[in-house]
Amino acid sequence: MDLKPISDKGVTVHTKNIALVTGASAGIGEALSHELIAQGWVVIGLARSLEKLMMMHTQLGPSFMPIACDVSSQSDIRRVSQAILDQNLCPSLFFLNAGIAGEKSMEHPDAFAVEVHERMMAVNYFGVLAFVECFETPCLENSGAHFIVTSSVNAIFAAPTGSAYCASKAAISKAFESLSLRYFERNLKFSSIYTGPIATDGLKGQWPFTWKPEKMAKYMCKFSASKKSRGYPSRFYFIICHVLRALPDRVVMRILKKI
């Protein structure tokens with residue numbers, strides 16, 4: 001795997017204004033890559049599909065550095081992270097966006113399986129924190145960084161067939177909340193963005209106030225400059241989830257059956 005800057009002229013990429021985006025080959029991650037490059041960033045794009053990443057590199061040019069990485073594997077994350085650092089590249093902005101979501105996160109309504117939780121946590125929780133572990137010290141020594149995780153309003157309200165997904169998003173959000181306090185007034189920032197439904201291939205059904213990935217990408221890039229620890233792009237779903245959480249279960253189920 002060659003992680004040297006991709007350029008016909010062999011120009012070295014500066015260590016500042018480098019963003020690392022996981023899940024970069026589709027959905028929010030792909031839109032983020034486009035938006036960041038439009039704003040002058042160099043993007044290290046990670047995803048399992050190198051073929052799709054290379055197509056994006058052809059489109060976006062040398063500012064997009066494609067790297068295949070399976071975020072469900074901590075050993076693969078460590079390998080890729082070390083390879084990036086070995087090229088004297090240290091991102092200052094991390095969009096830890098890869099995760100199991102949408103239709104793939106739904107559980108069987110009549111059969112509970114711990115394996116589903118293990119698979120979900122491997123990607124949505126440990127697959128995020130592994131990047132923090134790998135880059136914590138280098139970023140502290142390199143003038144700092146901002147780690148942003150794509151969470152969900154389902155971290156607030158847990159749907160009936162989404163116990164694993166909701167738990168993973170709540171867990172990573174709380175972990176980042178703690179890390180934000182741990183590194184308060186130091187040069188590491190940790191933030192969670194609680195997204196509502198996004199119009200990606202994994203979203204099924206018709207949901208009001210659904211955002212396109214491009215709109216979410218613009219919000220997330222703007223949010224990254226604010227240094228806030230929590231972001232709620234959809235006030236509608238933020239309010240709805242808090243209301244549902246406060247209602248008795250019998251009322252909640254009546255509402256959900258009508259959706």
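In the predicted model, strand β5, which spans residues 145-152, is mostly covered, with 8 of its 8 residues buried. The covering extends to both faces of β5: A145, F147, V149 and S151 are buried on one side, and H146, I148, T150 and S152 are buried on the other.

Strand β5 is paired with two strands. Strand β4 (residues 93-96) runs parallel to β5 and is joined to it by 4 bridges, and within this pairing L93 stands opposite H146 of β5. Together with helix α6 (residues 163-182), strands β5 and β6 make a right-handed β-α-β unit.

The largest nonpolar core contains 42 residues, and the members that touch the most other members are F131, F135, F147 and F176. Apart from this core lies another, of 26 residues, which includes A24, I37, I193 and F223. In soluble globular proteins, nonpolar side chains tend to be buried together. When residues up to four places away in sequence are not counted, F135 touches L20, S81, I84, L85, P91, F94 and F147.

Helix α1, comprising residues 27-38, contains S33. Because its relative accessible area is 0%, which falls under the 20% limit, S33 counts as buried. The side chain of S33 reaches the backbone oxygen of G29 at 3.0 Å. Once neighbours within four places in sequence are left aside, the contacts of S33 are with V21, A24, V43, M56, L60 and F64; of these, A24 is listed among the residues of the 26-residue core.

A further serine, S63, lies in the loop between α2 (50-60) and β3 (64-68). With a relative accessibility of 26%, and therefore between the limits of 20% and 50%, S63 is classed as partly exposed. Leaving aside neighbours within four places in sequence, S63 is in contact with I37, W41, V42 and V43, and V43 is likewise a contact of S33. S63 and Y194 are 131 residues apart in sequence, and their C-alpha atoms are 28 Å apart in space.

Helix α3 (residues 74-86) holds R79, and D76 is placed in the helix α3 as well. The side chains of R79 and D76 make a polar contact at 2.3 Å. R79 is partly exposed, since its relative accessibility is 42%, whereas D76 is buried, with a relative accessible area of 14%. A polar atom of the D76 side chain also lies 2.7 Å from the backbone nitrogen of D70. Beyond neighbours within four places in sequence, D76 is in contact with C69 and D70.

How values were computed
Residues numbered from 1 in each chain as written. Predicted model: local features only at pLDDT ≥ 70, side-chain atom pairs only at ≥ 80, totals over all residues. Heavy atoms only, no water. Buried < 20%, exposed > 50% of the residue type's maximum accessible area, 1.4 Å probe, protein only. Polar contact = N/O pair within 3.5 Å; in protein donor to acceptor, adjacent residues only side chain to side chain. Contact = heavy atoms within 4.5 Å. Core = buried A, V, L, I, M, F, W, Y, C linked by side-chain atoms within 4.5 Å. Pairing = 2+ DSSP bridges. Right-handed = clockwise from strand over helix to strand, strands pointing away.
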